[in-house]
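Here is a short briefing on one model.

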Amino acid sequence: MTTVSNHLPTAELQALDAAHHMHPFTTNDELKERGARVITSGKGIYLRDSEGNEILDAMAGLWCVNLGYGREELVNVAARQMMELPFYNTFFNTTHTPVIALAAELAKLAPEGLNHVFFAGSGSEANDTNLRMVRVYWAEKGHPQKSHIISRLNGYHGSTVGSGSLGGMTYMHEQGGLPIPGIHHIGQPDWYAEGGDHTPEEFGLARAQELEAKILELGAENVAAFIAEPVQGAGGVIVPPNTYWPEIQRICDKYNVLIIADEVICGFGRTGNWFGSTTMGIKPHIMTIAKGLSSGYVPIGGSIVCDEIAEVINAIEFNHGYTYSGHPVCAAVALENLRIMQDDNILDHVNNVAAPAFKAVLDQLGEHPLVGGVNVSGMMASLPLTPHKASRAKFAMAKGTAGFMCRERCFANNLVMRHVGDRMIISPPLVITPDEIDVFHKRAKLALDDTYKALK
Ligand code: PLP
């Protein structure tokens with residue numbers, strides 16, 4: 001039996017890791033050369049690594065540990081549920097109390113008319129569910145040809161074959177023959193990078209109208225759904241101009257195209273409301289959820305589905321599901337996570353305490369000569385780096401080099417801030433306090449200063 005503990009020397013752990021563990025989205029040369037950073041524990045918004053560093057996690061893991069690390073309530077609920085019923089499936093007309101309660105609670109929290117939940121193990125799986133569900137819905141309604149789905153370049157919806165196809169990450173499409181047929185991508189509402197001389201409002205409208213053009217090109221009778229994140233996360237925290245979503249909504253209503261709002265990052269308080277759809281004024285037919293649903297403590301995802309679609313799907317046998325759809329331990333932990341969010345008034349904390357302090361700090365960081373602007377919605381933000389603030393110019397060196405340099409300097413200053421290309425992205429646990437936001441500010445400023453000096 002292989003025994004590995006946090007007490008082993010870091011180099012030994014790294015060598016064993018590099019020898020046998022295949023990491024997602026990782027260059028293996030980098031792993032072999034430097035070894036992976038070994039994270040040993042977490043408390044609140046801080047992580048500890050095998051070298052004893054205490055690191056401020058301004059990414060909440062992967063945009064998910066919204067309640068912070070070390071919440072004993074979540075651990076205790078998991079242990080109790082494991083003792084009582086560690087697993088049972090929800091196939092073939094069976095159910096259990098954790099999944100009954102979680103579905104009912106989600107129906108209560110979701111926007112009006114979204115009252116039904118199909119569970120999955122992750123956001124990717126949930127989007128695969130959505131892909132099939134909207135096609136089956138239209139086929140059952142007598143429109144089997146209404147099967148094409150429109151998405152956006154640089155959107156992210158997961159990395160299975162279906163969800164990776166829905167996403168618009170071209171570097172993912174280059175591997176493994178994606179996207180699958182029937183999925184089409186339009187431009188993203190990224191004014192900072194692509195808006196040129198247009199005002200954000202003009203640009204937002206123009207990008208939304210690409211949807212109308214695409215629907216007309218394909219024929220409205222062939223288009224099942226439009227999928228998008230209310231605020232793009234993995235693409236670089238792209239907050240759309242305020243003209244964007246109203247126009248998208250108008251177009252989808254006009255052509256009878258369903259809206260799938262991918263709330264995997266935006267959901268559960270990240271943008272200041274329970275769902276990013278509320279923040280952006282979207283009326284979705286389906287919402288994809290995962291991550292913050294359990295604060296990342298256990299893997300769980302799902303689709304919250306409107307009455308009309310659920311009625312059609314529930315009337316047939318939908319030949320779809322996952323062994324872990326509505327896993328009792330995951331459902332119990334998610335339910336407890338939602339209870340804590342409500343009992344601790346996390347949304348009030350976000351709106352009245354954390355987000356204003358966060359915004360004030362971001363505005364100050366936005367003054368840094370290396371930072372071209374500030375994109376922020378609630379507790380998710382990005383700071384694009386630029387060699388020339390006024391023109392939002394790109395760096396002459398390969399895309400992502402400056403962002404990578406800054407990320408490395410964040411690590412050196414005990415801060416996790418990720419980079420997407422040359423944008424620094426930030427998504428701290430929602431429970432972060434103003435004092436902790438000050439610590440974030442100091443470390444981020446040091447990292448930006450160090451990067452600026454190195455680039456000169
Ligand atoms: N959708 C969005 C918006 C995401 O950000 C992600 C993951 O980052 C996913 C879907 C995929 O979720 P998962 O990694 O749980 O499969």
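Ser295 counts as buried, because 28 C-beta neighbours lie inside 10 Å and the cut-off is 20 or more. This residue sits in the loop between β9 (286-289) and β10 (301-306). The model is a predicted one.

**Other backbone features in loops**

- Asn256 also has a positive phi, near 60 degrees, and is not a glycine.
- The loop that holds Asn256 runs between α11 (244-255) and β8 (258-262).
- Asn256 has 14 C-beta neighbours inside 10 Å, so this residue counts as partly exposed.
- A cis peptide bond leads from Leu178 to Pro179, with omega near -5 degrees.
- Pro179 belongs to the loop between α8 (170-173) and β6 (183-186).

**Gly35 and its surroundings**

- Gly35 is placed in the loop between α2 (28-34) and β1 (39-43).
- Its count is 17 C-beta neighbours inside 10 Å, so Gly35 is partly exposed.
- Which residues does Gly35 touch, not counting those up to four places away in sequence? They are Ala11, Gln14 and Ala18.
- Thr10 is 25 residues from Gly35 in sequence, and their C-alpha atoms are 8.9 Å apart.

**Nonpolar core**

- The largest nonpolar core has 126 residues.
- Helix α14 (residues 328-343) gives the largest share of this core, nine residues.
- The residues with the most contacts inside the core are Ala225, Phe226, Ile304, Val333, Ala334 and Leu415.
- Beyond its neighbours within four places in sequence, Val333 is in contact with Leu74, Val77, Ala78, Ser294, Tyr297 and Val298.

**Helix pair α16 and α17**

- The axes of α16 (residues 401-412) and α17 (residues 434-455) come within 8 Å and cross at roughly 135 degrees.
- The crossing of α16 past α17 is right-handed.
- On the α16 side, the contact is made by Ala402, Met405, Cys406, Arg409 and Cys410.
- On the α17 side, Ala447, Leu448, Asp450, Thr451, Ala454 and Leu455 take part.
- What is the make-up of this contact between α16 and α17? Its residues divide into eight nonpolar, one polar and two charged.

Notes: Residues are numbered from 1 along each chain as its sequence is written. This is a predicted model: local features need pLDDT of at least 70, side-chain atom pairs count only at pLDDT 80 or more; totals for chains, interfaces and linings use all residues. A nonpolar core is a set of buried Ala, Val, Leu, Ile, Met, Phe, Trp, Tyr and Cys residues joined through C-beta atoms within 7 Å. A residue is buried if 20 or more other C-beta atoms lie within 10 Å of its own, exposed if 12 or fewer, and partly exposed in between; C-beta atoms are placed from the backbone. Helices (H or I, at least four residues) and strands (E, at least two) are DSSP runs, numbered from the N terminus. Two residues are in contact if their C-beta atoms, placed from the backbone, lie within 7 Å. Axes are lines fitted to C-alpha atoms, for helices over the stretch in contact, and angles run from 0 to 180 degrees between N-to-C directions. A crossing is left-handed if the near helix is turned anticlockwise from the far one by less than a right angle, and right-handed if clockwise. Ala, Val, Leu, Ile, Met, Phe, Trp, Tyr, Cys and Pro count as nonpolar, Asp, Glu, Lys and Arg as charged, and the others, Gly among them, as polar.
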